[in-house]
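Biologist: I am new to this model. Could you walk me through how its chains meet?

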Amino acid sequence: MSLALGATDAPGRVGRGLIGVAAFIGLAEVVTRAGIVNPAYLPPASSVLGTTGRLLVDPAFLVHVAGTLAAWAMGLAAAAAIAIPIGLLLGSSRRVRDASAAAVELLRPIPSVALIPLAILLLGRGLDMRVALVAYASAWPILFNTIYGVRELDPLAIDTARAFGLGRSEVIRRIALPSAAPFIYTGLRVAASIALILAVSVELIAGGAPGIGTWMLANSGAGVPRELLYAGIVVSGLLGLAINGLMVAGERRLFAWAPRLRSRL
Amino acid sequence: MTAVARAQPNASDGAGIGLRLAVIVGLAVAWELVALLANDPVYWPRFSAVAARLWEAWLANPAAWVESAWPSTWRLLAGWIGAVVSGIAIGTLIGLSASARAYVNPLVEFLRSIPPPALLPLFIVLLGIGDGMKVAMIGFGAAWPILLNTADGVASVEPMRRETARVYGLTGRDVLARIVLPSAGPRIFAGLRVSLSIAVILMVISELFATVDGIGFELIQAQRSFRMLDAWAIILLLGLIGYALNTVLGLVERRVLAWQLGATRSER
Amino acid sequence: MTGGLLEVDGLGFRHADAAPDAPPAIEAVSFSVPGGSLVAVVGPSGSGKTTLLRCVAGLVRPTAGEIRLDGRPIDGVPDATAVVFQDYGRSLFPWMSVADNVDLPLRRLGLAPAERRTRVSDALAEVGLAGTEASYPWQLSGGMQQRVAIARAMAYRPRLLLMDEPFASVDAQVRADLQELTLSVWQAHGSTVLFVTHDIDEAVYLADRVVVLSPAPARVAADVAVGLPRPRDQIATRSSAAFVELRARVARLIRR
C-alpha cells in the first residue's frame, strides 16, 4: 500500500525523507556560518560530516568501533543463550511462571547501568565485565518476549498437530518453536538496541579498552576540535541505525507469515 | 516509522500473594546462603547485611532523602515530564500528517538510533555538569519512545472512528482530544513505560559522571572506596525506586485506559 | 451396539474444574459409525458436540465409558484418524507453505519423499487447489484455506475422518461448495466420516444417519436414519418432501 502511494506522490517517500535530512543539515550549517551560535559549541555541519567521513576510514578509530561491536555481539549472544531457554521454560508452565513472576518483577526495575560500578569491582575493567553487563541488560526483553510468545501459542494449533499423531517433541519443534519465533525475534531486536546503549555506557564509565565511548571521552577535553565529538555521535547513531535496520530487514524476511508483520506488507 | 512498543506479558496475573511472597523470601534466603558459603563479606555481602544497610543508610535516614534521593528524583521527573510533553506534542503533529512523516522519518530514525549515553560528553561540553545538563540528557533520551509511539498510535487511528466524528460534526480540537488521543492511548502508554526505564538509566549515568550529589554519585563514591555493602544497598534502592515508579505509572494507565481493558475483554 | 468401525459406548465427560454437583457435559452417549458411512452429530450450541469429537480424536480422555475404533479401545490419539477443525485460520500453520501444511502429518508415516510429494499434490488437486503448493495459507481466501485443511486430512488417508463444524465460518455459497467437496472425497475414497455440526440442514443433507444430542448434559435424543437417495443435489434434494420432513423432525427433536 504505502509503496504504491509513495511511487505516485510528487517527490516520493524517499525523496521527501532526503529533503528532510538535507534541510536539517542546511539549517545547522546556516546557523553556525551566520554566527548565530558559537562554532566552538556547534561546528558547521559540513565540517562534522567531513570529519565523520575521515574517521570512517581511519584504522585507529575503527579499532574503537570494533571494540564496541565485540562487546555488543558477545553480550547479545550470551543474553540469547540464557534468556531463550529460560523464557521457554517459564512460558510453558503456568506454575513456574507464577512462581517466578515476583522475582522477575523485582529484578527488572534495577537499572543495568547501576551495576557498572559494582561490576568493575567484581570483574575488573576488561571485556568480561562489558559482556556480562551487556548480557544482563539485553536478556530482559528477550526473556519477556519469549515468555509472551510461548503463552500466545494457540491451543488449537497444538490440538491439530496432536490429532494427526505428532509426538511431544515434534509438537515442540514443528509447532511451538516456529509460532514463538517471531516474538523471540522481536525481543532480540529490542535487545540489540539496548545492548548498544549498554556497551557505550560501560565504555564511558569504565574507560580502558578501545570502544566508541572510550574514544569520545578522550576527545571531549578542551583544545580538541569539537567536530570530533559530533562525528563520534554521528557514527554511534549510524551504528544504531545499521543494527536496527538489519534486524528489521531480517524480521521481514524471516517472519513475513506472522500476522503482525503481514499487515505491513 | 516503527516504534519500540515492547510486548510485555503482565507478569503478575494469576500469581497468588502468598506464592509471590514465598518466592521473594526464597530469593533472600538463597542470597543469604550463597553469601554464607562464599564467606567473603567484602565482595559478596549477605542479604541481611545489605538490607540492614539499605534501611539505616537510606530508608530510615531523612538526611539521605534530602541530600541524595531528592536531587536524583527531581532531575528524573523534570527530565521525564519534559520528554512526555514534547514527545506527545511532536509525536501527535507528526502522526497527524502523512506528509510530515515522510519528511522527518529518516531524520527521526537516525536521531533515535543514537545511544543516549553517547551524547553525555557533548551535553557536558555544552551545558556543564550542573542540573541543567542532567535534566536535558534525561529528557532527550526518554523522549524518543514517546514520540515514536505517539506518532504511530495517532497515525493508525481507525479511519472509521475519525469519519464517525466528522459525520457528527466534531471540530478539529474535539476530534484530537476525544477521538485521536484516546485511540492512541495504549500506544502512548507503551512508550511512556519504555521511556520511564530509559529515564532512570540516564539519571544514574549522568550522576556517575562529574556530580556532587544524587544516588548515582553515592554509588560511584561507594565503588571508589570499595564499600561493596553500600553499592549493593544503592542498587537495591534503585530497584525499589524503579519498581515504585512503574507501579504508579501502571495505576495511572489502568485508570486512563479503563475503556480499552473493557473493550478487549468484551472481544474475547 | 456393535459392529461399527467407531463405537462410542456409554461415553461420559465431566470437566476437571467443574463444580462437584454440576451435571456432566456429556452423559451416557452411545452410538456407532459403520465403516464407509457418513454420520452427523447435531445438537444445540453448548451441548458438548465439540467435547465429544475431542474425545473421539483422543485429545481428551472421557471420564466414563469407552470409545472403540476397529473394536479396540482408544487410548491417546489413534493412528488412523484425521481432524478438520472449524477454525481453519488457527489449525493451518502460517509459517508453513500450503504443501508443508498438507505434508506435516505424512512425515511420521514413514513414506518415501516422492510418495509424500505425490500425495500432497494429488490431495490439493482433488480439492481444486492444484498449483498452490508454494503459497502460504494466509494468502488464500477462507474457503480455500478450509480446502487445504480437507486436503491435509485426505492426504493422510485416515480410516476415520472427524470434522468439527468445518463450514461454520464460511459464507453460504462457499459452504455449499465445500459440502459437495466433502461428499465427493468421501465417496471417492470410501472413507468413514463423523461430522459434527449445529446446522440441521447440513447434517440431513450430508449424512446417512443423524445422531441428535440433547441440551447439556448431552445425551442421545434420537438416532435418525436419513434415507435420502444419493447422489444428492443441493437444489433437488433440499427441496424434496422427504428432506423437508426429516429436517423438521430433527429440529423438533432438538427443540424438545
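**Chains A and C**

Modeller: Chain A and chain C bury about 2,100 Å² between them, 67% of it on carbon and sulfur atoms. Buried area is the accessible area (1.4 Å probe) that two parts lose on being put together, summed over both. This is a predicted model: local features need pLDDT of at least 70, side-chain atom pairs count only at pLDDT 80 or more, and totals for chains, interfaces and linings use all residues. Residues are numbered from 1 along each chain, chains are lettered from A in the order written, and side-chain values use heavy atoms, without hydrogens and water.

Biologist: Which residue of chain C forms a salt bridge with Asp154(A)?

Modeller: A salt bridge puts a side-chain nitrogen of Lys or Arg within 4 Å of a carboxyl oxygen of Asp or Glu. The rule finds two across the interface of chain A and chain C. In one of them, the closest N and O atoms are 2.5 Å apart, and the partner of Asp154(A) is Arg90(C).

Biologist: Which helix gives the most to the side of chain A that touches chain C?

Modeller: Helices here are DSSP runs (H or I, at least four residues), numbered from the N terminus. Both α8 (155-163) and α9 (168-206) of chain A supply at least two residues to that side. The most, seven residues, come from α8(A).

Biologist: How far apart are the closest C-alpha atoms of chain B and chain C?

Modeller: Contact means heavy atoms within 4.5 Å. No contact joins these two chains. Their closest C-alpha atoms lie apart by 15 Å.
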